[in-house]
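Dear colleague,

I am handing over the structure we spoke about, with the sequence alongside, and below it you will find what came out of going through it. Please read the notes with the model open beside you.

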Amino acid sequence: MLRIVKKIVPLAVRTKLKWLGYAAQDVLQGPTAPRVPPRRNTFIGGGDFISVGDNFFNTLKRHGLTPDMDVLDVGCGQGRMARPLIGFFNSGRYRGFDIVRSGISWCQREYAGLDKFEFIHADVFNQRYNESGTVAASDYKFPFPDNSFDRVFLTSVFTHMFANDVENYLAEISRVLRPDGKALITWFLLDEVSRQSSHPVLNFKYDLDPVSQTTVKSNPEAAIAFDLDYVTSLYEKCGLAITKIEQGQWARPDSPYSLQDLVIANLK
Ligand SMILES: C[S@@+](CC[C@H](N)C(=O)[O-])C[C@H]1O[C@@H](n2cnc3c(N)ncnc32)[C@H](O)[C@@H]1O
């Protein structure tokens, strides 16, 4: 059915209709909670904004996050993972950067006066999120000195980036992590089980290169999955040791974890 609608109704019309649906929902539901964007202006995907953030906050705590740690949220979007951290820090701080200027401006306004939080715009190109970006992700240097963070996390970001971009970002993550720090990164990992997955939307059938596949040929950054062996060797190359992989529900519906695969690593 979805496939037929997609064939008949042009993308621009579908996008407008979706927006109108969300706008109607916003009117019916009234104002959102503080630091929660209205549905019509949300560009970071579906799901409940508050519970997705709260769940990831629990994951961070499960992996040792304490109030004295400095954290970096790469691809922070509209602050979904920042919101639960309000009131959490003692000496620790949160920094987030993203390539969508409107999202960063919105976060800067919403978090004004919360001095533990800083949001930075990076004008990095991405066909889906920042078509006018001037810097290639494969060249981007994170705007922080070496050894700056106890935790670096990315939720649903490498799932929208190409292999050579991911390679640079993982090297940057390794550079800005403190010696006893941890990186928590979500992926779609392709292994013998997930390759057989029958997820209705996350159907990675188009090869991008020998190590990655996408769901949408015309807009590959919509969703990208990577070969597990490639990811493992990339961590190794960047001086990171994988300590745990929490396999996600996208390919394993019975998983107790969240939708995407989560890779936890520290410096070697
Ligand atoms: C699905 S959203 C997830 C946002 C946020 N991490 C969250 O979970 O709420 C993907 C985000 O990745 C960001 N992104 C894509 N390419 C990026 C890049 N090269 N550097 C930083 N952020 C990027 C997008 O702008 C977008 O905000």
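Helices (H or I, at least four residues) and strands (E, at least two) are here DSSP runs, numbered from the N terminus. Please keep in mind throughout that this is a predicted model.

To begin with the overall picture, the secondary structure of the protein comes to six helices and eleven strands. The radius of gyration is 18 Å, close to the 18 Å that the globule rule gives for 268 residues, so the protein is as compact as a globular protein of that length. Taken along the principal axes, the box that the C-alpha atoms fill is roughly 55 × 45 × 40 Å. Of the 268 residues, 37% count as buried, and among the contacts between residues at least 6 apart in sequence, 59% join residues at least 24 apart.

The domain assignment divides the protein into domain 1 (1-30) and domain 2 (42-267), and the C-alpha centres of domain 1 and domain 2 lie 27 Å apart.

As for the ligand, there are 23 residues around it, of which Gly75, Gly77, Arg80, Tyr129 and Thr155 come nearest.

If residues up to four places away in sequence are left out of account, Ile185 touches Phe153, Leu154, Phe158 and Val263.

Arg35, in the loop between helix 2 (11-29) and helix 3 (49-62), has a phi near 65°, which is a positive value in a residue other than glycine. Arg35 is buried, because 22 other C-beta atoms lie within 10 Å and the cut-off for a buried residue is 20 or more. Ser156, which is not a glycine either, has a positive phi of about 60°, and its place is in the loop between strand 4 (149-154) and helix 5 (163-176). Ser156 also counts as buried, since it has 21 C-beta neighbours inside 10 Å.

What does Tyr235 touch, once residues up to four places away in sequence are not counted? The contacts of Tyr235 are then Leu240, Ile242 and Ala265. Tyr235 is found in helix 6 (residues 228-237), and with 20 other C-beta atoms within 10 Å it is buried, the cut-off being 20 or more. Tyr235 and Ala265 are 30 residues apart in sequence, while their C-alpha atoms are 8.2 Å apart in space.

Phe144, finally, lies in the loop between strand 3 (117-121) and strand 4. Phe144 counts as partly exposed, because it has 17 C-beta neighbours inside 10 Å, and a residue is partly exposed when its count falls between the 12 or fewer of an exposed residue and the 20 or more of a buried one. From Phe144 to Pro200 the separation is 56 residues in sequence and 40 Å in space, C-alpha to C-alpha.

Note on methods. Residues are numbered from 1 along each chain as its sequence is written. This is a predicted model: local features need pLDDT of at least 70, side-chain atom pairs count only at pLDDT 80 or more; totals for chains, interfaces and linings use all residues. A residue is near a molecule or strand if its C-beta atom, placed from the backbone, lies within 6 Å of it. Domain bounds come from an automatic or database domain assignment. Two residues are in contact if their C-beta atoms, placed from the backbone, lie within 7 Å. The radius of gyration is taken over C-alpha atoms; the globule rule is 2.2 Å times the number of residues to the power 0.38.
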